[in-house]
Amino acid sequence: MKIKLCLAGEPAVGKSSLIKRFVLDMYDDRYIATLGTKVTKKTVALVDLEGGEVKADLIVWDVMGTRSIRDLLKEAYYHGANGVMAVCDLTRKETLLELDSWSKAIESVAGTVPTQVVANKVDLKESRQVSDEELDKFCSARGWKYVTTSAKTGENVEQAFRDLGQSALPKVLGVQRPPTIANQ
Amino acid sequence: MNESIVFRPDTERVLDERFRANGRDPDVMFTYAALRTIQGKFDEALDWLRQLEEIEPRYPGMWRLKAKIYELKGDAETAAFYWKMGCDDSR
């Protein structure tokens, strides 16, 4: 089973670093702007509708964070998305506020899909501009789940991807149910 | 369209550097194509995509970008053709 997850968010919030931490368990302090499209796969165990284990390939799309690129390529990137990881940088408040425009762009292509806000760089405590209360208020008002992460330390990164995969699973199972033993 | 408004100012420089380092970098070709599309230079964008197609025909989003360019050029039939070709990489 495949679950397509798309990363969204402003440049330099840590989208590529989160994927690198999730897939390779690695981190690099140097900032290298993403060019083009990166598609990565990682197989995880999720819980199916009956409470059993199901293996799912999380197909993670990493895209350039430039808004003009997003607007040009949103059909290419977000068509068929099963879940969206909306990433912001806790040290730059505007990156949280910009998630509304990202969400709008994605919804125009993919419809309403599970959205998980990932508030990254929680390790940079002294530079933090968004409090837990502000984050909670912003996300609750939009019905979005959220989690604070650090790609640098790995805090909550694996969980964030798994949770989003899990949220996307029911709809994916509805249209892509695995074969039963009887018809294999 | 004013490209300095719609694109990060350092994008062209980063692209040029990466292209000099590797003239066959698919990410660079794709991004050049996107940049030229935004600048309205559709034929140049299609040239980049033709080069990309030669080295990586399954590059994610390539066919859909091609479809978008033809749509912007007003060629709906060709756009629909390439849109269908992009169905496989939507997942």
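These entries record what I looked up in the model.

**Basis.** I worked with a predicted model, in which local features need pLDDT of at least 70 and side-chain atom pairs count only at pLDDT 80 or more, while totals for chains, interfaces and linings use all residues. Residues are numbered from 1 along each chain as its sequence is written, and chains are lettered from A and ligands numbered from 1 in the order in which they are written.

**Entry 1, chain A strands.** I looked up β5 (residues 115-120) and β6 (residues 145-148) of chain A, which pair in the parallel sense over four bridges (pairing requires at least two DSSP bridges; helices, H or I, are DSSP runs of at least four residues and strands, E, of at least two, numbered from the N terminus). V117(A) has Y146(A) of β6(A) as its bridge partner.

**Entry 2, chain A with chain B.** I found 19 residues of chain A and 21 residues of chain B in the contact (C-beta atoms, placed from the backbone, within 7 Å). On the chain A side, α2(A) gives the largest share, seven residues.

I looked up α4 (residues 42-55) and α5 (residues 62-72) of chain B, which pack at about 160 degrees with their axes 11 Å apart (axes are lines fitted to C-alpha atoms over the stretch in contact, and angles run from 0 to 180 degrees between N-to-C directions). The angle makes α4(B) roughly antiparallel to α5(B) (the cut-off is over 145 degrees; under 35 is roughly parallel, 65 to 115 roughly perpendicular and the rest oblique). Residues of this contact include F42(B) and L49(B) of α4(B), and M62(B) and I69(B) of α5(B).
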